Amino acid sequence: MSKRPEWLDAAVFYEIYPQSFKDTDGDGIGNINGMTEKLSYIRELGCNAIWINPCFESPFGDAGYDVSDYCRIAPRYGTNDDMVRLFEEAHKQGIHILLDLVPGHTSWDHPWFKESMKAARNEYTDRYVWTDSVWEEPEGFSTIRGLSERDGSCIVNFFTHQPALNYGFYRPEKPWQQAMDAPGPQATIEALKDIMRFWLSKGCDGFRVDMAGSLVKNDEDQKGTIALWQNIRAFLDEEYPEAAMVSEWGEPDKSLAGGFHMDFLLHFGPSHYNDLFRCEKPFFAGNGDASEFVAKYIENYERSERKGLICIPSGNHDMDRLARHIKGDNRRLAFAFLLSMPGAPYIYYGDEIGMNYVEGLASVEGGYGRTGSRSPMQWDTSENAGFSSAPSDRLYIPIDPSEDRPDAASQTEDEASLRSEVKRLIAVRQSHKALNNLGDIEFILNGAKEKPLAYTRSFDGEKIFVIINPADEKYEMTSAEGLSDIIYKFGECSVTDTGCVIGPHSAAFIRQGADRGSEASE
Ligand code: NOJ
């Protein structure tokens, strides 16, 4: 396992969807200078790292996950120089920046694909996964067919306009399926390394990697894809050892073995993430059951052998806003959980103020149902919520029309706001190593129906007991001895000789194992 950049041990990430964050040139869409302007907001909240969704040249059929030039910032966001300035300004404020790397596919507008479609053999003929006849539609894959002079079908990775780059097949079964070590797949890996070099040499701190687990085909156990990422990590260790990598994979034992430092638990895959925040009865809405999540988490935690960080995001650009399912003060409990778990927390822009999923929007840039989670950041109570000076009908996505929509300025002022709660939680996390990214976790209560979730976090002799109760009834915990001072509390909680009593809709972080008397006299 490669060494982890030290800053990851205390990283708290903020995800920016660039289209919707801050527009400084009045064209109705966010830009890089807008992010630079708002760095201090992010820093003031307590976040010290940012992941930016793709901002490279693209026809934007999938909001930028359809890249047509990996080494050029899309003009609508600014220039490469603006991006370098953002890196520099962020670093001055102690913030690290991850760009979004989309290694699995490009846009069908990418010059590589245009060359690859030609009948005559050229440098890009094997850059994508093609069959050797247009009549062949390979089982289990969707394809682009009938658009090229070339006689073949090209496998796509996601939408129809996103042809799959060729990293080879783990078990080639047909003549057109190339082995991983064939020249075509090897050239694709080298091209990927060049893209990474390009941005790392300009000051970027690493990458969030899109669909990282699906690069090699016919690779059920992902052994080929793991080997591919080990190759990339070896290159990084050699040339950019400080580059941080987080995968969209959802199976930490595999991604961390591939050399990633972090992997996301997400709304897809086997993690039971949705049981907590986004299902009919989410645990944090007060009436759900977290026990399957906990069982799966423990399995992942043990299997990943602490090789890296398992990351639980508050949300992202692909899933419903947290606030769509979790209401009122229960949102604070969700953040108390997110900010007291091991691994690096990721906060999706606007979740810290409880931004809502905007219902009923027309799809924008391939967003479909995701569009409602991508609406402009609500900065203040001015026109367009302070997002842009463009006429409101020219905005990338309409602003949440609700009269009581939350905004960052009002919540920053208000000590009792959700944002202030999130800020307090980040500060508590940052001031206790046990609560931070590397602290161990042991579950005490698994959040089975109508019960709280409780766990201890520990690091280097410090032990903190966390209890979160989203249910309507108070709960008496009688088997947590040695609890002393409460270092964070929302709602009601009192320490007893055998544990504590936690009120309904309440959360507390309590020091454990220290002598109560001496703590009190400190
Ligand atoms: C996952 C990204 O998060 C999503 O937004 C995108 O549409 C797909 N991958 C395809 O790149």
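Helix α11 (residues 330-338) is largely enclosed by the rest of the structure, because nine of its nine residues are buried. Buried here means under 20% relative accessible area, exposed means over 50%, and partly exposed lies in between, with a 1.4 Å probe and protein chains only. The buried residues of α11 are Asn-330, Arg-331, Arg-332, Leu-333, Ala-334, Phe-335, Ala-336, Phe-337 and Leu-338. Helices (H or I, at least four residues) and strands (E, at least two) are DSSP runs numbered from the N terminus.

The model is predicted: local features need pLDDT of at least 70, side-chain atom pairs count only at pLDDT 80 or more, and totals for chains, interfaces and linings use all residues. Residues are numbered from 1 along each chain as its sequence is written, and side-chain values use heavy atoms, with hydrogens and water left out.

**Ligand site**

The ligand is surrounded by Asp-62, Tyr-65, His-105, Phe-158, Arg-208, Asp-210, Met-211, Glu-248, His-317, Asp-318, Arg-370 and Arg-374, where a residue counts as near if one of its heavy atoms lies within 4 Å. By class, this shell holds three nonpolar, two polar and seven charged residues. Ala, Val, Leu, Ile, Met, Phe, Trp, Tyr, Cys and Pro count as nonpolar, Asp, Glu, Lys and Arg as charged, and the others, Gly among them, as polar.

| Side chain | Ligand atom | Distance |
|---|---|---|
| Asp-62 | oxygen | 2.6 Å |
| Asp-318 | oxygen | 2.5 Å |
| Arg-370 | oxygen | 3.0 Å |

Taken alone, the ligand exposes 300 Å², and the protein buries 98% of that. Accessible areas come from the Shrake-Rupley method with a 1.4 Å probe.

**Aromatic rings**

The whole structure contains 34 aromatic pairs. Rings of Phe, Tyr and Trp (its six-membered ring) pair if their centres lie within 6.5 Å; planes under 30 degrees apart count as stacked, over 60 as edge-to-face and the rest as tilted. Phe-159 and Tyr-368 have ring centres 6.0 Å apart and planes at 70°, so their pair is edge-to-face. Phe-159 lies in the loop between β7 (154-156) and α5 (183-200), and Tyr-368 in the loop between β12 (346-348) and α12 (408-413), so the pair ties together parts that are 209 residues apart in sequence. Phe-159 is partly exposed at 22% relative accessibility, whereas Tyr-368 is exposed at 55%.

One aromatic cluster is formed by Tyr-273, Phe-277, Phe-283, Phe-284, Phe-293, Tyr-297, Tyr-301, Phe-337, Phe-443 and Tyr-455. Phe-337 is also among the buried residues of α11.

Charges also sit over rings, a term that requires NZ of Lys or CZ of Arg within 6 Å of the ring centre and within 35 degrees of the ring normal. The charged end of Lys-38 sits over the ring of Trp-379, 4.1 Å from its centre. Arg-324 lies over the face of Tyr-357, at 3.8 Å from the ring centre.

**Loop residues**

Asn-218 is not a glycine, yet has a positive phi of about 50°. Its place is the loop between β8 (206-209) and α6 (223-239), and Asn-218 is buried at 17% relative accessibility. Glu-450, likewise not a glycine, has a positive phi of about 65°. Glu-450 belongs to the loop between β13 (440-446) and β14 (453-459) and is exposed, with a relative accessible area of 53%.

Terms used:
Polar contact = N/O pair within 3.5 Å; in protein donor to acceptor, adjacent residues only side chain to side chain.
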